There are 2 protein chains.
Amino acid sequence: MAILKGAAIFGQSGGPTSVINSSASGVFQQALKEECITAVYGAAHGIRGILNEEFYDISKETQEQLDLLKNTPSSALGSVRYKLKNADVDDTDYKKLLEVFKKYNIRYFFYNGGNDSMDTCNKISKFMAKSGYECKVIGVPKTIDNDLSITDHCPGYGSAAKYVATTIMEVYHDANVYDTPMITIIEIMGRNAGWLTAASMLAAYKGAGPDLIYLPEVPFTLEKFLSDVKKVYNSKLDHKVIVAVSEGCKDAEGRYIAEMGQSLAKDAFGHAQLGGAASVLGDIVKNEFKCKVRSIEFSLMQRCAAHIGSKTDIEEAFLAGEEAVKAAVQGHTDYMIGFERTYVDGKYKAKTILVPLADAANTEKTVPLEWMNEEKNFLKQEFIDYALPLIQGDPGLPFEDGLPKFAKLKKVLVKK
Amino acid sequence: MAILKGAAIFGQSGGPTSVINSSASGVFQQALKEECITAVYGAAHGIRGILNEEFYDISKETQEQLDLLKNTPSSALGSVRYKLKNADVDDTDYKKLLEVFKKYNIRYFFYNGGNDSMDTCNKISKFMAKSGYECKVIGVPKTIDNDLSITDHCPGYGSAAKYVATTIMEVYHDANVYDTPMITIIEIMGRNAGWLTAASMLAAYKGAGPDLIYLPEVPFTLEKFLSDVKKVYNSKLDHKVIVAVSEGCKDAEGRYIAEMGQSLAKDAFGHAQLGGAASVLGDIVKNEFKCKVRSIEFSLMQRCAAHIGSKTDIEEAFLAGEEAVKAAVQGHTDYMIGFERTYVDGKYKAKTILVPLADAANTEKTVPLEWMNEEKNFLKQEFIDYALPLIQGDPGLPFEDGLPKFAKLKKVLVKK
């Protein structure tokens, strides 16, 4: 088999994570080493950068900056939410991509993202094949939601989970200083899969976590929620309750908590229930328990807190990037890099696998219900065993002036 | 001068910080070493624990736990917000305190807190003196607000400032991934003093911070705010604006931003403006700019994020505890430990000083207006020079299972 010679392009897509740039670093550093790769490009804002011929010449970046990328949160190249149409319906974008690929002799395409991005990869790959243009397409997974199928877990999840568990441990200490009743409601990201909210269980495992955990996998009702809170509230001498709730919790009809709040506002409350799940539930329990209530949203911090990243996650993200390039150069295409969990001498060790893009695209892996307790408001040991290995190790973030030193790429645009 | 022999008691008061326990560790470890100190007690929930004779025998704690305290956020003994009446008005509490002090032969009283707590110290000290009961009283400062007078800065501030600066740097990266307009509004604690909000300037100094900073020291108007945001919004190609705003911002009449929102709701908006400053301003700019808006509150995290604490702060907090005990044993009373800034070979080095309690109590030090730019929406180099030394150094937090290892005291209650 002749080795395919040509340029490589890498793009970042979807919501950022703490380690998406670590994968970029892995792709770039490996691609720059490969003889058959004649140029290494980074697409500005994912697929749109390719369509607009806006991409950076990565060979112009210094080794130091490529190394710093490993610990720099978010998407250094810029991200995009751009869903390609089906080529049968409208192939304008595909034709443009093909034109760009041909113009720059791009023969390797790496795309970093979640479900949607794997779908984008898959569609592009198919179109290129149909058009007779040889191009190796490999997806690099990332998502704090951890909801990609087949792979044991996704880069980005471990660091976000570590942030969630660590921060809840700290908030737990803060929430317990006064001996007065208090209910703390913490809202965590995840629209359909509760993996990240479940990570709050790791804080509980350390004795400093939530009493109740609500995942979007389980239909949410206010009645059950209030009765759960009441039970914990009454069982404790100091009436302290900490709740972790997913932003994605919804009732059997698919109504999100915020929507429940809006309709409740009409009958029971004098004011509109705005904001997210924590804010709405906070208002409701305040009304019910007449005690101090704190509603906390981890907001963007949970997906960008590189300073409390997981070394395991950072290294796996980097490895996924490296392996994507290696697989492509070996002639593989139409795959996403995934992880299989192995244990060597009882110690966790993930190895990479190739997952067909078609299998990874547009599917969602949720938290197994059997990992939850009977009441479906707490997690079991199975989840702890699953998640704990993923958050291990100091991120090794370099500091300067007491603050993180993040990469600042030159971003030299390739001439059109 | 005969050395006073007797028991020592230490209490924690007011809102917690990341390093209040570091001061506890300093007090305990030093007190346990002093021959004249016959017993070392930790008051449960501050002054209330003394009134109720609920305190822990610190000699029962292990060295390991006392060391872990240095990195454990919040108040391990429990805190309290309890303002003593003036003894002239009602001396019930004072009499009870005197009774307890006599019963346990408490001759050393150390109290950790902010303005109010220094006032408490001062009142107790005066009452004891008036009653002819010899007791050495030393205050140990703590507050993320950094608003105590005379001392150069307060333990607790450096760590909170480091959290704020680091987190804003990370949020900055996250907020810049898409090339669509976006306004991010970050709310930071501080009711009257803007020190902590000003710490966002350290992120700006590193090139990844807010464009606009609003402190409570400057009267806030929505008109000026909107015109500032518009200026930044229009000056940037990608229309990205990041704003840091203190929860304490108010207009010339003393109305907080949340209150402005409530009155605005009546005329301009269809729904009630609830929540804090960030949420209200977020609604207002969304209405004005019709772009994506993110409102972020750092909530409790900014005062308990021990994992991103400042080594300098942790060590100074510990030192303040140690020095409080040493000063008391040397016969000093009625002082708070403060810090004076010195530079040795150009390197920052704080030394402790004794500040009369009367001077520390009930006063507030605010950010000098001359450290702000002319527009009063940004900080100058003077602030950076002031704050940067305070956030230096890795906190050295021990980890176990990938998560922080915090102290778990035995808390053996002293028999009544």
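Predicted model: local features only at pLDDT ≥ 70, side-chain atom pairs only at ≥ 80, totals over all residues.

Trainee: Over how many bridges do E10(B) and strand E11 of chain B pair?
Mentor: Residues are numbered from 1 along each chain as its sequence is written, while chains are lettered from A and ligands numbered from 1 in the order in which they are written. Helices (H or I, at least four residues) and strands (E, at least two) are DSSP runs numbered from the N terminus, and two strands pair if DSSP finds at least two bridges between them. E10(B) and E11(B) (residues 347-356) pair in the antiparallel sense, and the bridges number 10.

Trainee: Which residue takes a positive phi in the hairpin of E10(B) and E11(B)?
Mentor: Start in the strands, where Glu340(B) sits opposite Lys351(B) in E11(B). The hairpin has two residues between the strands, and the one with phi near 50 degrees is Asp345(B).

Trainee: Which strand of chain B runs parallel to E10(B)?
Mentor: Look at Gly139(B), which stands opposite Met336(B) in E10(B). Two bridges join E10(B) (residues 335-344) to its parallel partner, residues 136-141, which is strand E5 of chain B.

Trainee: Which are the edge strands of the open sheet in chain B?
Mentor: Four strands make that sheet, with parallel pairing, in the order E7-E8-E6-E9. E7(B) pairs with E8(B) (residues 240-246) over three bridges, with Leu212(B) opposite Val243(B). The edge strands pair on one side only, and they are E7(B) (212-214) and E9(B).

Trainee: At about what angle does H6(B) run to E6(B)?
Mentor: Axes are lines fitted to C-alpha atoms, for helices over the stretch in contact, and angles between N-to-C directions run from 0 to 180 degrees. H6(B) lies across E6(B) (182-188), E8(B) and E9(B). Its angle to E6(B) is about 165 degrees.

Trainee: Which element gives the largest share of the side of chain B that touches chain A?
Mentor: The contact takes 49 residues from each of chain B and chain A, where two residues are in contact if their C-beta atoms, placed from the backbone, lie within 7 Å. Elements giving two or more residues on the B side are H6(B) (157-175), E9(B) (292-297), helix H12(B) (301-304) and strand E13(B) (403-404). The largest share, nine residues, comes from H6(B).

Trainee: Over which residues of chain A is the pLDDT below 50?
Mentor: Chain A has a mean pLDDT of 94, with 96% of its residues at 70 or more. The stretch you want has 19 contacts in the model beyond near neighbours in sequence, and covers residues 267-274.

Trainee: What ipTM does the predictor give the complex?
Mentor: The predictor reports a pTM of 0.96. For the ipTM, the value is 0.96.

Conventions. pLDDT = per-residue confidence, 0-100.
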